[in-house]
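Hello,

Please find the structure below. My notes on helix packing, sheets and hairpins follow.

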Amino acid sequence: MNHIAPGARAGIYHYDEIDRQFVAERVEQFRKQVERRLSGELTEEEFKPIRLMNGLYLQLHAYMLRIAVPYGVMSATQLRKLSAIGRKYDRGYGHFTTRQNLQYNWIKLEDTPAILHELAEVDMHALQTSGNCVRNVTTDPFVGAARDEVVDGRVYAEILRQWTTMHPEFTYLPRKFKIAISGAESDRAAVRIHDVGLLARRNEKGEPGFSFYVGGGLGRSPFVGKLVREWVAQEDFVAYLEAILRVYNQYGRRDNIYKARIKILVHELGLEKFTQEVEEEFARLRGPKYRLDPEVVEAIRQHFAPPPLEELPDHSDALERAKAADPAFANWVAVNVAEHKAPGYAIATVSLKPAGGIPGDATCDQMDLVADLAERYSFGELRVTHVQNLVLAHVKKDDLYDLWKQLDAAELGSANAGLIGDIIACPGLDYCALANARSIPLAQAISARFADPVRQRTIGELGIKISGCINACGHHHVGAIGILGVDKKGTEYYQITVGGDPTLTTAIGDILGPAVTETEAVDAIEAIVDVYLANRSDEGERFIDTLRRVGHAPFKERIYAAD
Amino acid sequence: MKAITANRLRDGEVVFLGKDGVWVESFAAAALFPRAEADGVLAAAKEKAEREQFGVDIYAFEVVEQDGVPVPATMRERIRTAGPTVRLDLGKQAA
């Protein structure tokens, strides 16, 4: 086996031999299960839950395999392996998702054991990317680098990965269970739309702890997570989360799939009663067995020690000269580059949203290039974001221009992070067996309409999110402009919502009016943008703030006036 | 009219029930059944496909005539017979 060398540079968690043996055994177990299915020893009814537990779905055209990228952090070696698998077993590309994972769309069942074996060679797998278990824990893609970071979310996400992987009590929950952790002042992990959202903070003594939000989620019944406890000390982190999961496991509905998520339990039980149940369970669990030992935390923290950053001045003459000489680069820096906590370094977002492109798709050549660039400029590590982009988190400001030129030559240099072109779109009816309408063509048409980078910056921060069905994989409920595809007697229609917000001021968007056709949808989005530009108080007022100030009426009037 | 479709177990390829109960990859070669007959054909096809470990997710779908040519009635089935509308280089349309 060609495992990632243990002890290689920190920033990526490295498996120990127990992890490796476990994953290798699971691959061999699945290989035999596939053989038994192909020989007829297992029926499809028997096999389906088994393949789902290994991340394998059946979609419209083929099997879809979802690979876990724990908290969205991976190494260049791992990305290169994902590229190699895409080339060998799929159709030369992969799709990065809102769960900070990667999906292949054209997988053969008979190839899947070999793929899982290859993934295991670089300490990767597809476990718990499906099924009614704790899914991939997500966190801030700027983790470990952001200037506003208070606590390193990777450490606690990794603790949860170890604690929940194949935990017998949490393998058959009432429904899937999604956890997000934010350790910074800004919430870049959308914590309040998760089953459990954790906001890590330090108290007045400088000790790390967490606020727990429970019962957020999108889909058929969208809810914003409710604060269950303002402060849980680090040592009680596992105990408190286990208490929540136990209450959910005990009371969560298993008789109705649409009412099985924890958000429905919290809603139906009421926050007060739910909290009481959790607190009682927590009181029973709290103690030596569940105490999170600071030494364990420290040992995991060592895996995420900062890379060997140089001592640099924060100002870069090379960067300023390049910006002055190349306006397109200057625009990219202004939009896609964020402050790093170390002077002289920056965080660069690699957009997977070229104008007219498919959000989240990357060709294998592009993946190889990003892996090379991560090694050259960012200590060999990178991140997947929940808005379907990639991030190089530790780039010297002096290197940004070289980096961008290479990205731009590969259609990865779009300057649209957080702007109207940075659209989230689920795979929709082009791939997904659950979808009612296509998402991708609409995303392509909107991003093409707003391709001009100057126009995008004029419009400013504006998130468009598109889902092809009520399951809301495209997070449309929390889009400043959300779009939901619906089927009306065989024709695709699109319902527009406005006012959604995935940040700490989380809000679910409101439906603006009757659904429109695909042809009408792009014009409708442009009309909404025009109304915003005409009504904003000044250039600094964001779309969401203008909307909150002026209300829906001017937007409705503009779109539906002719009806 | 209706056609009967499945995904091939081994590789997930979209297949259609053709003449004489043989599964084919192209919708153009799919057999069409009057609605009244489709349920019976579907039941037999399901049983046979499971017995032979050939196909999964077997169902019948509506077919209409367009310009004298049979086409799937819904966008979903049109996409399955051709491939993603956003990548014309993928799926059966690429062949």
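In chain A of this predicted model, helix H5 (residues 153-164) and helix H6 (residues 237-251) have axes that come within 11 Å and cross at roughly 55 degrees. H5(A) is therefore oblique to H6(A). Here helices (H or I, at least four residues) and strands (E, at least two) are DSSP runs, numbered from the N terminus. Axes are lines fitted to C-alpha atoms, for helices over the stretch in contact, and angles run from 0 to 180 degrees between N-to-C directions. Angles under 35 degrees count as roughly parallel, over 145 as roughly antiparallel, 65 to 115 as roughly perpendicular, and the rest as oblique.

H5(A) contributes Tyr156(A), Ile159(A), Leu160(A) and Trp163(A) to the contact (heavy atoms within 4.5 Å). From H6(A) come Phe237(A), Val238(A), Leu241(A), Glu242(A) and Leu245(A). Eight residues of this contact are nonpolar, none polar and one charged. Ala, Val, Leu, Ile, Met, Phe, Trp, Tyr, Cys and Pro count as nonpolar, Asp, Glu, Lys and Arg as charged, and the others, Gly among them, as polar.

On conventions: residues are numbered from 1 along each chain as its sequence is written, and chains are lettered from A and ligands numbered from 1 in the order in which they are written. Local features need pLDDT of at least 70, side-chain atom pairs count only at pLDDT 80 or more, totals for chains, interfaces and linings use all residues, and side-chain values use heavy atoms, with hydrogens and water left out.

Five strands of chain A form an open, mixed sheet in the order E6-E7-E8-E9-E10. Its edges are E6 (138-139) and E10 (226-233), each pairing on one side only. Two strands pair if DSSP finds at least two bridges between them. E9(A) (residues 208-214) and E10(A) are antiparallel, over five bridges. Val214(A) has Lys226(A) of E10(A) as its bridge partner. H5(A) lies across E6, E7 (179-182), E8 (196-202) and E9 of chain A, at about 155 degrees to E7(A).

Further along chain A, E17 (residues 464-467) pairs with E18 (residues 481-488) in the parallel sense, over four bridges. Ser467(A) is partnered by Leu484(A) of E18(A). E18(A) also runs antiparallel to E19(A) (residues 491-498), joined by eight bridges. There, Ile483(A) has Ile496(A) as its partner. Two residues separate the strands of this E18(A)-E19(A) hairpin, and Lys489(A) takes a positive phi near 50 degrees.

The contact includes Leu319(A) and Lys323(A) of H10(A), and Phe329(A) and Val333(A) of H11(A). Seven of its residues are nonpolar, none polar and one charged.

E4(B) (residues 55-66) and E5(B) (residues 69-72) run antiparallel, joined by four bridges. Val64(B) stands opposite Val71(B). Two residues lie between these strands, and Asp67(B) in the turn has a positive phi of about 55 degrees. E4(B) also pairs antiparallel with E1(B) (residues 2-8), over six bridges. Ile4(B) stands opposite Ala60(B) there.

Best wishes
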